Every structure is written in structure tokens, then in C-alpha cells.
Amino acid sequence: MVVPMPFLEGIMSISNRPMPFSAVDGELLRVEDLRVYFGHHKAPVRAVDGVSLAVRRGESVGLVGESGCGKTTVGRAVMKLVEIIEGRILFGGYDITSLRGGNLREYRKQAQMVFQDPYGSLNARMPVGQAIEEVLHVHKRGDRAQRRKQASELFHAVGLNPEYLGRYPHEFSGGQRQRIGIARALAVGPSLIIADEPVSALDVSVQIQILNLLRDLQRNMGLSYLFVAHDLSVVRYMCDRIMVMYLGKIVESGSSERIYSFPSHPYTEALLSSVPDVGKGLDSRKGGSKRIVLKGDMPSPTRQIPGCPFHTRCHRARDKCRVDAPRLRRVHPYQWSACHYAEELLEENRTASGTSKSDAF
Amino acid sequence: METKENILLEVKDLRVHFGDEHDPVRAVDGISFSIHKGETSALVGESGCGKSVTAMALARLVPQPPGIYAGGEIYYYGNDVLKMSARRLRQMRGNDISYVFQDPSASLNPVFRIGYQIGEVLHLHRRGLNIRNESIELMRLVGIPDPANRLDSYPHELSGGMQQRVMIAMALACRPKLLVADEPTTALDVTIQAQILELLASLQQRLGMAVLLITHNLGLVAGMAHRIHVMYSGRIVESGFAEDVLLHPRHPYTRGLLNAVPRLNGVEGRLEGIEGNVPNPRDMPSGCKFHPRCPYRREVCIEREPADEEVREGWLSRCHFWREL
């Protein structure tokens, strides 16, 4: 389904006021050595511990990891919703790390967020149309009639019937509510959307509808996505590049095509082998792919782990890993890994791929 | 394979409704399937399809009211669970059929120690045991490290994965013949999910019990189940061996579901999935309940509900046009 975009010009014309930002060589967002700590300064929770990333215009970058790895906090830091301890965030070449007041509001017209639980992020006592108009009102867009018209155009764009604008959140299904969440994020005409687990609360058949909507919107409006999710199959469907996080750090990053075929970090390797997947599942019945089961749980993020943060659970850990913390380094033209033995792992997977991986689907 | 002796539990035309007897919500509306000894079967479907209600009904756990057992039989070793005396039912629950649910933190009592909660099951069903030793043995069975000390922990002191292990330990306390696992890993992280699945598979082998897996995740089913039953709107629309159903689906809903799940290898181009939403149980469509969302629908689908048709022995489809799929 291709979503028609008749409203696009409307939004563009209103949003054409001068912006303090301009694009530099296609890079829309750049995060440099970001650190976000919570709690007491003596034993802080190092939610994000030195993360750098970039999102280009029109690109989708996936941030994956398990709960507590810090992926959501990265998204919130980019939105300037949490306090940043260290590091810089550049948007369109401008440093927005310490923006406040009116400038911050200008920035948030460009960067918007879509949340996991669309019911929790909508006011149960406010008709959804009003919830969308409110965004436009806060950002001082048009008069009341124009706002109403735009809300109905937005509804249409996300595949909802504008006649439902007067209804309340509980009158919609989960998928429809997520469409409303997306419409609200699009209301001010952003160029970057931070989507935090946008489909994980939805049923399988509805998930794909929302993912397709996000893809269509991206194509039609040239949006960039920072896509935060734990589901590797979903991220694969959406993203050109991915970053794998563990305990506040990026352990592997690169093109998704490359990483999904040839992981170069044992954590990515274990994650990929743990995800239940139809093709892999059927394959395993014939004795094909074998699941790597990690031992234990993720350590508490208050604890400072010497050496590689993953060594406590790593199925390939050696002595060096317990003392020497690996840095993220380039191991392939399109791949970066924070494992001392990345080359070994790549080599192993390359040899193995000759046999089993080629016929796996 | 399909002999009667292998069948542990047989569900025949089960109907479980909710609310007003005259205008009920038909959550489960005429489903039949069998669970075979030592096998893993799966009930697959999206939220509201009736899979959890079916699972609860197997041990008559659906509360009445609001639940109404409106028809059908559930035979367990020749006895109808729906007609059993309360006493016999109490014996059966936990002893023969036990359950593991989705959210372990909601199933465990936060104010009692783990040891007490495991011991309670043993106390109720297996008098005369050394409860402490048996609890430690159970915790070891499910891979909880340092079980003697963990007995004194409260649920909040354990991680989600460990809590689920405790739930499994409790479910296995009486060595049931059937373990019903309702979305047992949905609340857990991927790597922990793998641990629990591995555990369930190994326990099943060692104890020779049957497992009924309730899930929305087709990937899980593909890796674990021998037989699958795909549910939609309170009905089983397709059932058969997992390889058959997943590789050559003979119902448009199964096909749509498979087409809605992105694959890890990313080979598919754009996935189309299924349009529209699950129907409102208060406002069911006529004929085939899937027809409003079905890309293959024709006139007859709107008028008449299809019956089960045999694709092959042990493989059923509820579609007028399964031959053409």
C-alpha cells in the first residue's frame, strides 16, 4: 500500500521558517562519545557509556540489544529528554547538546519520537484529533482551522479515516493507536524520527502493517530513522545499518547485510542464534543451525567490569578478555567490532558459511 | 502415529463462551484437537484468537462466571474433564497437567520465599516427602545455581529468567504428563529466552512429558513443535505437522501470518502480511470468519462457513479453496 502524501506541501510550507541548522555532507545526526549515567555519582548506573553513531539523511539506523543495554537511553538523549554527562550531539552539523528553551523547541520540530506503547503515550481523556492539534498548537502552527485540516491530512497519511478524529484512544485497536502516535510525531514535519520499539506491543499481522507504513513514509518524505528495537528480524527489515549494544556500549556496528551474515562479535553471534526464526527453526530440525546459549544474565550496570564487558557471559572468552577492554575497530570495510578475536570469528563463520549457511533460509 | 493409544488428551468440539448466555462472546467456538504423549504441539494465533482460553479450559481453569463451558468434551484418559468431580479435578491439576505462564513475576507471590512456594506444591500433592530436599532437587533440575541458598530468596531477588525457572520447577514438581506453556518466553530477553527454550526441550526429553506451547511466535513453533494448530477467531483454521503447515500452508491465514514475519536472512522483499484487523468477537463476520481479510475470498466464503477438510492424514484446513492455495 502506497500512502498518498497530499498534505506534504502543506507541512513544508508552514515549516519553511528559517532553521538554525543546515546539513553537512548528508549526515543528519551525529553522536560523539555519549555518556548518560543515572543514580548516585559514587556508583552510577552507566546506562550509556561512550556511544558514537551517525545517521545520514533518508537512512534507517537500527539500535539493537536486550533490555537494560542502554538503547532507549541513547534515543532519549538524542531527543534531549535525559541529562547528558559527557559527549556531543550534532544535528545537521550544529551542536545541540546544550540547547535550551526556544532553540530546543525548534530542534524538536526536526526530531520526533514514536513510543512503544501507543496507549500509554496518548491521553485517554482527549480525542485523538485534539492530541494531534495540540502538537501543532505548542509549535505555533497555523490557526485553529488550519490545524484541524492538517490533523485530518495526517490521519489520512497514516492510513486512518479522518472521520475518527473525534474518537478517544480506547476506541482504536493497538495498530491504529500506533498510527496515531506516528501521525502525531509527523505533525511538525520532522526529518528525524526516533522509533523506540514501535511494533513490539503489536500483533504479528499488525506489526508488518506499521513497519510498511514507516517504510512508505520514509520513502515519500525522506525521513531518517533511529530505530530502537530488540527484535533482530524487525531491525533487519527496516535498517540499512545496525549497532549492537551491550551494557551501555556498542559492541558491533556496520551494514546489516554484513552483520547478519557474518557477525564479528560473540554477542551478536549469540543474539542471532537465539532469535526464534521460522527458517532457522525448520533448519534446526534437520540438524542444521545450532543455538548458542549464553550462560547467566546481563551483569548489573552499576558494576564496573574489568576487561571486556561481555566476558562474563562470552562463550569464546579467554584470559586477555578479562583484563584488556577491547575498542570498537574496523574489521571489514562495512563492519566494526569490539572483540579482540573478531578476525578469528569472521574466519570461522566464513569457512562455515560454505557449508550450512548457503542453504539456510 | 495416529493410534488412539498415543493420545493423551483429546478435545472435541470445545466451546467456551463469556458473559451473557443469550448473547455471549464466543471465545472458543468448536475446536477439536489431540495431544499425543511425549509430543510438543503448539496453539498459534494472535491476541484474542482464543488460544489461552483453550489452554485454560484443558484443566477447567476458566472461571465461571464469566466463563461458560457451552459444549464439547475434553477427554483425559477416557474421562471428560468438563464433567469431573471437584475432587478428581484437584488431583489432576498439577499432578497430570500443569501450567507455566507468560509473566513469572505476576505468577509468583512477592511476599513468600521461593522455597516456600515450591514446597507448597509438594505439600499439596506429594505428602511424606522431604520437602526441602525435593525442592533443592527440582531447582537443580531447572538449572538454578546454588539452589540451597536460593530457597531463601524472595522473587524480586531473582532475574526474570530465574523466576521463570522457578515457575517451571513448580510446574514439574509432580512430574506432569502434560505441561501447558502459555507464552513462556514472551516476557524475557532473547538470550534468556534461548536458555528457557533449551531447558524446556531437555526436560521434555528427560521426563517424557507432552508440551502444549501457546504462542504467537511462529519462529518458536518452527524450532520446537511437532504439530501445530493455527487459531483464528475461536477456531482452529489449520492443523498438522509443523513442517507441512509452515512450508506449505493450506489456509490463507497461515499463509498471511508467515508472510507477516520478517526473516533474519532478510531475503524477502516487501512483506505484505494481512490487511485489516482481527474481527470484534461481538460483531463476527458471516461465513468464514477470515473472509474480510482474505485475499482469496469469493462469494461462498461470505455465505457459508467452511468445515474441516482433510489435506492429508493428520492435516486439516478450514478453507473452501485449500486445494488452490
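Strand S1 (residues 27–38) of chain A runs antiparallel to strand S4 (residues 86–91) of chain A, and 5 bridges join them. Within this pair, Arg35(A) stands opposite Glu86(A) in S4(A). The two strands belong to an open sheet of 4 strands in chain A, whose order is S2-S1-S4-S5 and whose pairing is antiparallel. At its edges lie strand S2 (45–56) and strand S5 (94–95) of chain A, each of which pairs on one side only.

A helix packs on this sheet: H2(A) touches S1, S2 and S4 of chain A, and its direction makes about 115 degrees with that of S1(A). Helix H2 (residues 71–78) of chain A is mostly covered, since 7 of its 8 residues are buried. The buried residues are Lys71(A), Thr72(A), Thr73(A), Val74(A), Gly75(A), Ala77(A) and Val78(A). Just after the helix, Lys80(A) takes a positive phi of about 60 degrees.

Looking at chain A as a whole, one finds 13 helices and 12 strands, and 47% of its 361 residues are buried. Of the contacts in chain A between residues at least 6 apart in sequence, 67% join residues at least 24 apart.

The mean pLDDT of chain A is 86, with 90% of its residues reaching 70 or more. Among the elements of this chain, helix H1 (residues 8–14) has the lowest mean pLDDT, 35, whereas strand S12 (residues 335–337) has the highest, 96. Over residues 1–24 of chain A the pLDDT is below 50, although this stretch has 42 contacts in the model beyond near neighbours in sequence. Residues 355–361 of chain A also stay under 50, and for them the model has 12 contacts beyond four places in sequence. Where pLDDT is low, the predicted coordinates should not be read in detail.

Chain B averages a pLDDT of 89, and 98% of its residues score at least 70. In this chain, strand S1 (residues 7–18) and strand S2 (residues 25–36) pair in the antiparallel sense over 9 bridges. Glu10(B) has Ser34(B) in S2(B) as its bridge partner. The hairpin of S1(B) and S2(B) has 6 residues between the strands, and in it Gly19(B) takes a positive phi near 85 degrees.

Leaving aside neighbours within four places in sequence, Gln204(B) is in contact with Thr40(B), Met209(B) and Val211(B). Its C-alpha atom is separated by 9.0 Å from that of Leu179(B), which lies 25 residues apart from Gln204(B) along the chain.

The two chains can now be taken together. The predictor gives the complex an ipTM of 0.84 and a pTM of 0.86. The contact between the chains takes 36 residues from chain A and 38 residues from chain B. On the side of chain A that touches chain B, the elements that give two or more residues are helix H7 (204–221), helix H8 (232–238), helix H10 (266–274) and helix H11 (278–285) of chain A. By class, that side of chain A has 16 nonpolar, 13 polar and 7 charged residues.

Finally, the largest nonpolar core has 189 residues, and those with the most contacts inside it are Ala183(A), Leu226(A), Phe227(A), Leu178(B), Leu212(B) and Val221(B). H7(A) gives the most to this core, with 8 residues. As for Leu178(B), not counting residues up to four places away in sequence, the residues touched by Leu178(B) include Leu8(B), Leu9(B), Ile35(B), Met209(B) and Leu212(B).

Methods. Residues numbered from 1 in each chain as written. Chains lettered and ligands numbered in written order. Predicted model: local features only at pLDDT ≥ 70, side-chain atom pairs only at ≥ 80, totals over all residues. Contact = placed C-beta atoms within 7 Å. Nonpolar A, V, L, I, M, F, W, Y, C, P; charged D, E, K, R; others polar. Buried ≥ 20, exposed ≤ 12 C-beta atoms within 10 Å, placed from the backbone. Pairing = 2+ DSSP bridges. Axes fitted to C-alpha atoms, helices over the stretch in contact; angles between N-to-C directions. pLDDT = per-residue confidence, 0-100. Core = buried A, V, L, I, M, F, W, Y, C linked by C-beta atoms within 7 Å.
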